[in-house]
Amino acid sequence: MAKWRDNLKKWLWRKTELPADAFLDLPRITMIGQLHIYIENHKGVLRFSKNELRLSLKHGQQLQVKGEDFVIKTILPEEILLEGKIANVQYIDSI
């Protein structure tokens, strides 16, 4: 049932040309250099340390941010603003 719904959303998104992040529940990631990363549409914080942030995403994926001296500046149910020296941003498919 969920796959059918996802296929319908993708079809509607292509036909309407609305932003994919809003229509398909995809994360929107905005970076300002290596200093800030603003992530919208995540499903929760899985891990946080001074060197790593790991977020849960829809469809079992995770988003990993690695770097140095991380500080969470803002956190809301589906939004997070992270400050520090960002070295790497990676999607991880859950097993």
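These legends accompany close-up views of a predicted model. Residues are numbered from 1 along each chain as its sequence is written, and side-chain values use heavy atoms, with hydrogens and water left out. Local features need pLDDT of at least 70 and side-chain atom pairs count only at pLDDT 80 or more, while totals for chains, interfaces and linings use all residues.

**View 1. The whole chain.** The protein has two helices and six strands (DSSP runs numbered from the N terminus: helices are H or I, at least four residues; strands are E, at least two). Their order from the N terminus is α-α-β-β-β-β-β-β. The C-alpha trace spans about 40 × 30 × 20 Å along its principal axes. Of the 95 residues, 25% count as buried (buried is under 20% relative accessible area, exposed over 50%, partly exposed in between; 1.4 Å probe, protein chains only).

**View 2. The largest nonpolar core.** A nonpolar core is a set of buried Ala, Val, Leu, Ile, Met, Phe, Trp, Tyr and Cys residues joined through side-chain atoms within 4.5 Å. The largest one here has 11 residues, among them Ile 37, Leu 55, Phe 70 and Ile 86. Strands β2 (36-40), β4 (52-56), β5 (61-76) and β6 (79-93) each supply at least two residues of this core. In soluble globular proteins, nonpolar side chains tend to be buried together.

**View 3. Surroundings of Ile 80.** Ile 80 belongs to the largest nonpolar core. Neighbours within four places in sequence are left aside here. Ile 80 is in contact (heavy atoms within 4.5 Å) with residues including Ile 39, Leu 53 and Ile 72. Tyr 38, His 42 and Thr 74 are also among its contacts.

**View 4. The Glu 78 and Lys 43 pair.** The model has three salt bridges (a side-chain nitrogen of Lys or Arg within 4 Å of a carboxyl oxygen of Asp or Glu). One joins Glu 78 to Lys 43, with the closest N and O atoms 3.7 Å apart. Glu 78 lies in the loop between β5 and β6 and Lys 43 in the loop between β2 and β3 (44-48), so the pair ties together parts that are 35 residues apart in sequence. Glu 78 is partly exposed, at 38% relative accessibility. Lys 43 is partly exposed too, at 39%.

**View 5. A network around Glu 52.** Glu 52 meets Arg 47 in a salt bridge of 3.5 Å, N to O. Glu 52 also pairs with Arg 54, at 3.4 Å. These bridges share partners and join Arg 47, Glu 52 and Arg 54 into one network. Glu 52 is buried, at 12% relative accessible area. Arg 54 is buried at 16%, whereas Arg 47 is partly exposed at 42%.
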